Amino acid sequence: MNRLHALIFDVDGTLAETERDGHRPAFNAAFAEAGLDWNWDEALYGDLLDITGGKERISHFAARHAPDIAGDPDFAVLVRQLHRAKTAHYLRLVDQGCLPLRPGIARLIDEARQAGIRLAIATTTSPANVEALLRASLGPDAASWFEVIGAGDVVPAKKPAPDIYRWVLDRLELPAAACLAIEDSENGLKAALTAGVPCLVTTSEYTEGQDFTGAKEVVNDLGRASLADLVAIHGLIRIPAEHPQYQKTPVLARQAGHDTP
Ligand code: XBP
Ligand code: MG
């Protein structure tokens with residue numbers, strides 16, 4: 001069985017609940033500044049989160065709701081301008097301490113550092129957003145605790161593509177099986193699994209009820225999880241319910257949470 005060498009954290013929805021009260025109002029402030037009557041309410045934003053990457057999300061929205069603007073020859077320039085403005089608004093919210101870490105995150109990071117478990121980040125959000133969140137919530141040196149920070153446009157394809165996890169693994173110089181990814185969304189889980197990284201899911205405000213098939217474990221939050229729990233989850237060997245072993249001993253299937261006929 002592979003020993004756990006590194007934890008690879010997702011950011012948005014995992015380290016902190018950043019989407020509803022962080023990224024979303026930042027997008028809306030940028031739209032208002034640009035004189036656009038676009039307003040992403042909580043429900044619409046939840047749908048738009050299927051598209052990872054802020055620039056990609058703006059383009060996706062405009063193509064469907066403002067095709068005249070999306071069809072403009074300078075639309076790509078507008079997207080970059082809107083995203084730069086949005087990031088400035090988001091960083092202000094982070095720096096004001098509006099986006100605290102989720103339960104247990106600071107403690108798990110500390111326990112991992114004490115135990116010599118290496119730390120990395122694999123996120124779709126922009127690098128500046130990661131550094132600001134770590135600084136605001138864990139102090140000025142926190143970004144240096146993460147050996148590798150894979151964020152935003154460093155890879156051509158964003159989650160659910162595996163690119164960002166492969167980018168991080170290459171720089172950690174570790175095999176995927178020696179790591180545990182911690183994610184909040186179906187897109188993030190798919191990215192990790194496609195890269196071969198075992199994944200623990202901690203559901204967030206917008207991801208409750210998504211399909212987390214293939215996750216090592218799914219929890220509501222990490223408020224009561226210890227590093228020992230993460231090591232045990234990393235070592236979990238999931239035997240599918242249809243495995244012959246379960247057919248002969250149904251009680252095992254029940255214990256594993258698989259309904260038996
Ligand atoms: C979540 C995302 C990001 C943020 C917005 O990333 O998809 O796009 O919503 O950030 P993850 P940007 O869950 O992988 O951390 O505007 O900087 O993209
Ligand atoms: Mg996320």
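Does asparagine 187 count as buried or exposed?

1. Asparagine 187. At 16% relative accessibility, asparagine 187 counts as buried, because the cut-off for that class is under 20%. The residue is part of helix α9, which covers residues 186-194. Setting aside neighbours within four places in sequence, asparagine 187 is in contact with Leu49, Asp50, Thr52, Lys159 and Pro160.

2. Confidence. The model is predicted. The chain has a mean pLDDT of 93, and 90% of its residues reach 70 or more. Over residues 249-256 the pLDDT is below 50. In the model this stretch has 8 contacts beyond near neighbours in sequence.

3. Domains. The chain is divided into domain 1, made of 6-16 + 100-253, and domain 2, made of 19-95. Their C-alpha centres lie 26 Å apart. To the contact, domain 1 gives 16 residues and domain 2 gives 20 residues.

4. Metal site. Which residues supply the protein donors of the magnesium ion (ligand 2)? They are Asp10 (OD), Asp12 (O) and Asp184 (OD), at 2.1 to 2.3 Å from the ion. The spacing of these donor residues along the sequence is D-x1-D-x171-D. Aspartate 10 and aspartate 12 are both buried. Water is not among the atoms, so the site may look incomplete.

5. The cis peptide. Lysine 159 and proline 160 are joined by a cis peptide bond, with omega about 15°. Proline 160 sits in the loop that runs between β3 (148-151) and α8 (163-172). Both Lys159 and Pro160 are among the contacts of asparagine 187.

6. Isoleucine 164. This residue lies in helix α8. At 3% relative accessibility, isoleucine 164 counts as buried. Leaving out residues up to four places away in sequence, isoleucine 164 touches Ala122, Thr123, Gly150, Ala151, Val154, Val155 and Lys159. Aspartate 153 is 11 residues from isoleucine 164 in sequence, and their C-alpha atoms are 9.2 Å apart.

7. Glutamate 173. What is the phi of glutamate 173? The angle is positive, about 55°, although the residue is not a glycine. Glutamate 173 is in the loop between α8 and β4 (179-183). Its relative accessibility is 71%, so glutamate 173 counts as exposed.

8. Helix α3. This helix takes in residues 54-65, 12 residues in total. From first C-alpha to last it reaches 16 Å, close to the 16 Å expected at 1.5 Å a residue. The buried residues of α3 are Gly54, Arg57, Ile58, Phe61 and Ala62. Seen down the axis of α3, these buried residues fall within an arc of 130°, so they line one face of the helix. As background, residues three or four places apart in an α-helix point the same way because there are 3.6 residues a turn. The cover over the buried residues of α3 includes α1 (19-33), α2 (42-48), α4 (67-70) and α5 (75-95).

9. Helix α5. With 21 residues, α5 reaches 30 Å from its first C-alpha to its last, close to the 30 Å expected at 1.5 Å a residue. The buried residues in α5 are Phe75, Val79, Leu82, His83, Lys86, Thr87, His89, Tyr90, Leu93 and Val94. They pack against α1, α3, α4 and α7 (127-138). Glycine 97 follows α5, and its phi is positive, near 75°.

10. Arginine 24. Which helix holds arginine 24? The residue is in helix α1. At 14% relative accessibility, arginine 24 counts as buried. Apart from neighbours within four places in sequence, arginine 24 is in contact with Glu19, Trp40, Asp41, Glu42, Tyr45 and Tyr206. The C-alpha atoms of arginine 24 and isoleucine 149 are separated by 23 Å, and the two residues are 125 residues apart along the chain.

Technical notes:
Residues are numbered from 1 along each chain as its sequence is written. Chains are lettered from A and ligands numbered from 1 in the order in which they are written. This is a predicted model: local features need pLDDT of at least 70, side-chain atom pairs count only at pLDDT 80 or more; totals for chains, interfaces and linings use all residues. Side-chain values use heavy atoms; hydrogens and water are left out. Helices (H or I, at least four residues) and strands (E, at least two) are DSSP runs, numbered from the N terminus. The expected span of a helix is 1.5 Å times one less than its number of residues. Buried means under 20% relative accessible area, exposed over 50%, partly exposed in between (1.4 Å probe, protein chains only). The arc is that of the directions from the helix axis to the C-beta atoms. Contact means heavy atoms within 4.5 Å. pLDDT is the predictor's confidence in each residue, from 0 to 100. Donors are N, O and S atoms within 2.8 Å of the metal (3.2 Å for Na, K and Ca); water is not among the atoms, so sites may look incomplete. Domain bounds come from an automatic or database domain assignment.
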